[in-house]
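Here are a few friendly notes to read alongside the model.

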Amino acid sequence: TQRAIIYRSPEHLNGLVFTGPPPETDSAGVVTWRGTRSGGGVSAITLRIRQAPCNDGMSGEYFGWVAEVDLDGRELRGCASKGLPALDS
């Protein structure tokens with residue numbers, strides 16, 4: 001949603017829930033969302049999404065967006081696609 005994100009990975013199959021303020025969009029169109037979570041382990045996430053060509057090396061599929069994640073200092077990068085607008089519940 002605009003105020004929460006669930007991060008899932010092989011190490012976190014059930015997902016880690018981060019909450020924060022709505023995302024910000026800069027003048028270049030880069031969307032940045034920052035969130036935190038309580039409890040042990042990973043405590044902060046920053047997600048940046050920008051429009052740019054991206055090729056998924058595993059599938060060979062091309063996407064129109066790049067996603068970059070900082071997970072407590074661990075940098076992750078991948079492709080993204082434009083989806084439906086997030087709905088706050």
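1. Thr46 lies in strand E5; strands (E, at least two residues) and helices (H or I, at least four) are DSSP runs numbered from the N terminus. This is a predicted model, where local features need pLDDT of at least 70, side-chain atom pairs count only at pLDDT 80 or more, and totals for chains, interfaces and linings use all residues. Residues are numbered from 1 along each chain as its sequence is written, and side-chain values use heavy atoms, with hydrogens and water left out.

2. With a relative accessible area of 16%, Thr46 is buried (under 20%; exposed is over 50%, partly exposed in between; 1.4 Å probe, protein chains only). Not counting residues up to four places away in sequence, Thr46 touches Thr32, Trp33, Arg34, Glu68, Val69 and Asp70 (contact: heavy atoms within 4.5 Å).

3. The largest nonpolar core has 11 residues, among them Leu16, Trp33 and Val69; such a core is a set of buried Ala, Val, Leu, Ile, Met, Phe, Trp, Tyr and Cys residues joined through side-chain atoms within 4.5 Å. Strand E2 (12-19), E5 and strand E6 (62-71) each give two or more residues to this core, and E6 provides the largest share, 3 residues.

4. Cys54 and Cys79 form a disulfide, S to S 2.0 Å (cysteine sulfur atoms within 2.5 Å). The pair links distant parts of the chain, 25 residues apart: Cys54 in strand E5 (residues 44-55) and Cys79 in strand E7 (residues 74-80). Their link is left-handed, with -80° about the S-S bond. Cys54 is buried at 6% relative accessibility, whereas Cys79 is partly exposed at 26%.
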